[in-house]
Amino acid sequence: MDFQDSPQEAAFRKDVRAFIKQEMPPGLSRRGKGGAMFGGGGGRFLQEGYWQKLRGWLDKLNERGWVAPAWPTEYGGAGLTVIEQFILNQEMATLGAPRSPNVIGLGWAGPTIILYGTDEQKKQHLPPILKAESFWCQGFSEPEAGSDLASLQTRAVRDGDDYIINGQKIWTSGAHGAGWMIMLARTDPDAPKHKGISYFLLDMKSPGITVRPLVNMAGSHDFNEVFFDNVRVPQENLVGEENRGWYIGTTTLDFERSGIATGVSHALTVDDYVQYIREQNGASFGGPTMRYELADRAVEAQVEQMLNYQVIGVQARGMVPSNEASIAKLFSTELDQRIADTGLKLLGTYGQLMKDSPHTKMNGRLPSMYLYATTSTIGGGTSEVQRNIIAQRGLGLPRG
Ligand SMILES: Cc1cc2nc3c(=O)[nH]c(=O)nc-3n(C[C@H](O)[C@H](O)[C@H](O)COP(=O)(O)OP(=O)(O)OC[C@H]3O[C@@H](n4cnc5c(N)ncnc54)[C@H](O)[C@@H]3O)c2cc1C
């Protein structure tokens, strides 16, 4: 396989790079800063000055359709091919150019609405998602329904032109800053479990919704429990047909799992580690064991890129990746943990110091990188679930 850019791809890459270098305001780059830009919370967690700059940058990206490069142009995207998206993502990651924090709106809710939404739903929701004016959260998981999502128990009962929703969601990232939720609820409790679920767009300002914070082990309030007490949802907010929501929900999950990652950020982090050792004048830093470990991480970051090429190869042939996306997700999230682990070893006791310490190293990014890395093998489907998919769909093994 030839991994070189074609002449057209090389020209596109040059254009992207020149655009970022020229248009991205100084001080906005995330390069070397670490920390999640994930913001179901609608940017309200970003410092005011940064948010202002980011908005200006997002407006510029939006003029080119690059806020949602995969969306069709008629909906404000750029309609880029998967290869072009990959190149755009690579260049953005390499130069530390920030994306819109509207991750769920752009990556999961928007594409689902484009595929299954009515014209009114598209008109109402797509423009504010693009402009980062309306932020979204995802109400799928429940206390007794995570990996086995089809067991969800939140009920939606038809009442005239509305549905009335009762129940609870959990681990709802960004629900405290989101204006809207994509959610699954059971509309037919007597049908087989996959066939009685419907897909709704829920206005988070509706009376009867309570959002209760869950603070994670990094001390950060990212996700929540969400309770529904007789919440009315108009029938127009149903996506697709009643009781067919499971199939739409799995499409949303496909978007979540096969979002085109690049592997660039892991390679850059390994480069940062090497740079750090150089700055300490320390060939002896960590000794040969650390050198071998860094070599392993560097090779693994390249392997991750190859696995991502496999995913985009499938997408470029017009197919939806399934076990290929699971392989890439599994490898990348477990690598996340190994890279954070290597970083902590490299910094020794300094690795525990947060950003606010005067003695901090590498922008104090290691403690939160390490703690957050534990979550990446859970969110979007656990490693065990990915291994099951690879075993069954990839290797054709029987169900265990
Ligand atoms: C950072 C983060 C953000 C999240 N954000 C959201 C969000 O915004 N919206 C949302 O709806 N959800 C969200 N989630 C929830 C996430 O989707 C679930 O945590 C995940 O699907 C696992 O479900 P669970 O936590 O109920 O664990 P369980 O499903 O109870 O799993 C417990 C353990 O059993 C294992 N297991 C389960 N079934 C099998 C099986 N068949 N074979 C082998 N092992 C199995 C799992 O791998 C795991 O180790 C988020 C999670 C995290 C960590």
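Which helix and which strand each supply at least two residues of the shell around the ligand? Strand β1 (136-139) and helix α11 (383-394) do. Helices here are DSSP runs of H or I of at least four residues, strands are runs of E of at least two, and both are numbered from the N terminus.

Two notes on the model. Residues are numbered from 1 along each chain as its sequence is written. This is a predicted model, so local features need pLDDT of at least 70, side-chain atom pairs count only at pLDDT 80 or more, and totals for chains, interfaces and linings use all residues.

Back to the ligand. There are 19 residues around it, and G146, S147, G379, T382 and E384 come nearest. A residue is near a molecule if its C-beta atom, placed from the backbone, lies within 6 Å of it. The shell has six nonpolar residues, twelve polar and one charged. Nonpolar means Ala, Val, Leu, Ile, Met, Phe, Trp, Tyr, Cys and Pro; charged means Asp, Glu, Lys and Arg; the others, Gly among them, are polar. Why does the ligand lie between domain 2 (136-244) and domain 3 (258-394)? Because both domains give residues to its shell. The domain bounds come from an automatic or database domain assignment.

Next, helix α3, residues 82-95. Its 14 residues should span 20 Å at 1.5 Å a residue, and its end C-alpha atoms are 20 Å apart, which agrees. The expected span is 1.5 Å times one less than the number of residues. Buried residues in α3 include F86, L88 and M92. Buried means 20 or more other C-beta atoms within 10 Å of the residue's own; exposed means 12 or fewer; partly exposed is in between; C-beta atoms are placed from the backbone. What covers the buried residues of α3? The cover includes α1 (7-23), α7 (264-279) and α8. After the helix comes G96, with a positive phi near 70°.

Now take α3 with α8, residues 287-316. Two packed helices are described by the angle between their axes and the distance between the axes. For this pair the angle is about 145°, and the axes are 9 Å apart. Axes are lines fitted to C-alpha atoms over the stretch in contact, and angles run from 0 to 180 degrees between N-to-C directions. V82, I83 and F86 of α3 meet I312, Q315 and A316 of α8. Contact means C-beta atoms, placed from the backbone, within 7 Å. Five of these residues are nonpolar, one is polar and none is charged.

On to helix α4, residues 103-116. Two of its residues deserve a look. L106 sits in α4. L106 counts as buried because it has 26 C-beta neighbours inside 10 Å. Beyond four places in sequence, L106 contacts V67, A68, S100 and I129. P111 is buried, with 22 other C-beta atoms within 10 Å. From P111 to W71 is 40 residues in sequence but 7.1 Å in space, C-alpha to C-alpha.

Last, two asparagines. Most residues other than glycine have a negative phi. N243 has a positive phi, near 70°. N243 lies in the loop between β8 (238-239) and α6 (245-257). N363 also has a positive phi, near 55°. Its loop runs between α9 (323-347) and α10 (366-376). Are they exposed or partly exposed? N243 is partly exposed because 15 other C-beta atoms lie within 10 Å. N363 is exposed, with 12.

Note on methods. Two residues are in contact if their C-beta atoms, placed from the backbone, lie within 7 Å.
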